[in-house]
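Biologist: Before we begin, could you please display the sequence and the model?

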Amino acid sequence: MAWRAFNALMGDTKLLVLDTRTARSYGERHIRGSVCVELSSNGRTLEKVAGPGPPTWSRNCWWGRNVLIVSPNYSRKSGKRGTSSSKSRRDDGEGGEDQEERERKKRRRNPQESADGAEEAEPVVKFLLKEGCVKSVKVLEVGDDDSKDAFSLFARQYPFLVTKSTKAASIPSYPAEIVPGFLYLGDLDHAKADNRLDDLNITHVVTIHTEPVTLKKRFVQLFFNLADEAGADIAQHFGPMFEFVEDARKAGAKVLVHCGAGASRSATLCAAYLMRVRGWNANQTLEFMKEQRKQVAPNEGFLAALSKYEDSLGAAAIRPHISAGNGTAAEETTVSPSRDTSSVPHLTTNEGSTHKASEQPWPPHLDVMKEGRVVGTVTLTDMKELVFGRAPTCDVVLDHASISRQHARISCGASRKVRIQDMGSAHGTFVNGKRLHNKERQQIHGGDVLKFGASTRSYILLGDVT
């Protein structure tokens with residue numbers, strides 16, 4: 001689809017665009033920086049027909065790179081030129097979420113999935129897949145509309161990326177297109193480049209930053225003053241942002257959401273919007289957004305806010321199950337079997353398992369996060385306390401070298417009031433980035449982020465707590 005190709009161009013500065021149309025068609029207009037190529041007569045390599053030379057084009061320049069093919073008359077409707085196919089996907093950005101999710105899963109299983117069906121019709125695609133030296137191959141596709149061909153659709157939607165010049169040309173940075181033709185995610189530089197906003201016909205801007213951004217009067221702007229910190233309350237802005245974006249959509253306007261880097265604050269706002277309008281859970285949403293803009297990386301506190309927002313929306317939560325068994329778990333965290341564990345949670349890392357939100361009160365628990373993913377869960381039931389540490393007698397055994405033998409204890413009372421206490425650890429216990437004093441006991445609340453020592457894992461308190 002044109003919008004996916006646009007995001008690929010924005011997200012990968014080394015993306016190689018190969019145009020397999022005729023030299024005449026290429027000469028009339030083509031994607032900036034692309035090279036017109038054909039398969040050699042002996043079928044053993046690719047040859048340049050027109051376009052820029054080195055460093056854009058050189059022998060085997062496609063090796064180890066992502067490649068985008070611009071092929072004549074290839075659309076999602078046709079696996080071959082001029083023939084029909086039963087495979088189709090919606091490209092309207094509204095609805096069709098389940099189908100889009102299925103297609104995303106296919107691409108995860110096979111990074112060259114988008115080239116399927118073009119192999120027979122396109123000799124260059126067939127050669128690249130057979131040679132196996134490219135990182136991935138994608139084909140510019142039309143989708144379900146009446147466009148003459150894929151390139152015509154792309155040129156109509158992104159005329160500023162199309163040229164007649166055959167000289168090497170760099171492509172300026174534009175924000176990522178999250179909802180086709182409507183919602184864009186970017187950084188501070190994108191917001192300040194009003195000429196590029198004009199290219200995309202963006203008229204509404206959501207800024208979430210510590211300093212306001214002065215835009216020209218023709219733009220409609222919503223500003224949130226918020227720092228990119230785990231303890232910042234970003235959830236308070238989900239509702240106002242949703243209303244602003246929906247008002248723009250109803251008016252037929254396009255919206256940019258940005259922060260400083262377009263990675264944490266603005267990405268969290270966009271994720272909350274998608275979760276509400278598409279019914280996705282937080283993990284699905286962030287996975288989709290990272291495919292469109294690789295910089296997406298909300299901080300741990302914002303991840304917790306999205307998880308809580310997921311619960312309030314009633315979305316299905318994808319989380320590891322908790323099991324009482326042999327007391328072992330992958331990687332860092334385990335639960336010791338050496339004590340009476342009849343009422344002690346056992347942490348597992350069954351990443352493929354799922355759990356749907358219940359209408360019943362959700363027990364207090366800690367989601368274990370690593371590199372932005374939930375890798376386990378520890379349930380806090382109405383018990384005296386859980387001890388975290390390296391000693392095998394601890395309730396939750398942490399294997400990281402910076403963890404003390406008895407590092408910290410967490411208790412959950414009958415009133416669901418949760419408290420944490422540092423037990424004199426050498427490298428500290430942290431709540432929302434602030435280190436607890438030695439032996440200090442502190443109440444923690446839903447969404448608080450806990451860290452132990454120098455471990456890269458974080459523990460987010462969720463569920464019904466007071």
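Modeller: First, one term: a polar contact is a pair of N or O atoms within 3.5 Å; within protein, one must be able to donate a hydrogen and the other to accept it, and residues adjacent in sequence count only if both atoms are side-chain atoms. This is a predicted model, in which local features need pLDDT of at least 70 and side-chain atom pairs count only at pLDDT 80 or more, while totals for chains, interfaces and linings use all residues. Residues are numbered from 1 along each chain as its sequence is written, and side-chain values use heavy atoms, leaving out hydrogens and water.

Biologist: Which residue caps the N-terminal end of α4?

Modeller: Glu 122 does: one of its side-chain oxygens lies 3.2 Å from the backbone nitrogen of Val 124. The names of helices (H or I, at least four residues) and strands (E, at least two) refer to DSSP runs, numbered from the N terminus. Just after α4, Gly 132 takes a positive phi of about 75°.

Biologist: Which residues of α4 are buried?

Modeller: Val 124, Val 125, Phe 127, Leu 128 and Leu 129 are buried. Here buried means under 20% relative accessible area, exposed over 50%, and partly exposed in between (1.4 Å probe, protein chains only). The buried residues of α4 pack against β1, β3, β4, β5 and β6.

Biologist: In what order do the strands of that sheet run?

Modeller: The sheet is open and has five strands in the order β4-β3-β1-β5-β6, with mixed pairing. Two strands pair if DSSP finds at least two bridges between them. At the edges are β4 (46-50) and β6 (136-139), each of which pairs on one side only. On average, neighbouring strands are turned by 40° against each other, direction ignored. Axes are lines fitted to C-alpha atoms, for helices over the stretch in contact, and angles run from 0 to 180 degrees between N-to-C directions.

Biologist: In which sense do β1 and β5 pair?

Modeller: Strand β1 (residues 16-19) pairs with strand β5 (residues 66-70) in the parallel sense, over four bridges. Leu 18, for example, has Ile 69 in β5 as its bridge partner. Helix α4 (residues 123-131) packs on this sheet, touching β1, β3 (35-39), β4, β5 and β6, and its direction makes about 75° with that of β3. Contact means heavy atoms within 4.5 Å.

Biologist: Let us turn to the loop between β4 and β5. Where is the cis peptide bond?

Modeller: The cis peptide bond joins Pro 54 and Pro 55, with omega about 0°, and Pro 55 is placed in the loop between β4 and β5. Thr 56 is found in that loop as well.

Biologist: Is Thr 56 buried or exposed?

Modeller: Thr 56 counts as buried because its relative accessible area is 18%. Not counting residues up to four places away in sequence, Thr 56 touches Leu 16, Gly 33, Val 35, Cys 61, Arg 65 and Ala 168.

Biologist: How many residues are in the largest nonpolar core?

Modeller: The largest nonpolar core has 83 residues, and those with the most contacts inside it are Phe 154 and Val 206. Helix α9 (residues 265-278) gives the most to this core, with eight residues. A nonpolar core is a set of buried Ala, Val, Leu, Ile, Met, Phe, Trp, Tyr and Cys residues joined through side-chain atoms within 4.5 Å. Leaving aside neighbours within four places in sequence, the contacts of Phe 154 include Phe 6, Leu 9, Ile 31 and Leu 140. A second, separate core of 22 residues includes Phe 388, Cys 412, Ile 420 and Tyr 459.

Biologist: And Gly 447: where does it lie?

Modeller: Gly 447 lies in the loop between β22 (441-444) and β23 (449-452). It counts as buried because its relative accessibility is 16%. Its C-alpha atom is separated by 9.7 Å from that of Asp 233, 214 residues apart along the chain. Beyond neighbours within four places in sequence, Gly 447 is in contact with Ala 304, Lys 308, Asn 432, Ile 460 and Leu 461.

Biologist: What phi does Asn 432 have?

Modeller: Asn 432 has a positive phi of about 55° although it is not a glycine. Asn 432 is partly exposed, as its relative accessible area is 30%, and is placed in the loop between β20 (429-431) and β21 (434-435).

Biologist: Finally, what pLDDT does the protein average?

Modeller: The average pLDDT is 80, and 77% of the residues score at least 70; pLDDT is the predictor's confidence in each residue, from 0 to 100. Over residues 75-100 the pLDDT is below 50, and this stretch has 61 contacts in the model beyond near neighbours in sequence. Residues 315-361 also have a pLDDT below 50, with 124 contacts beyond near neighbours in sequence.
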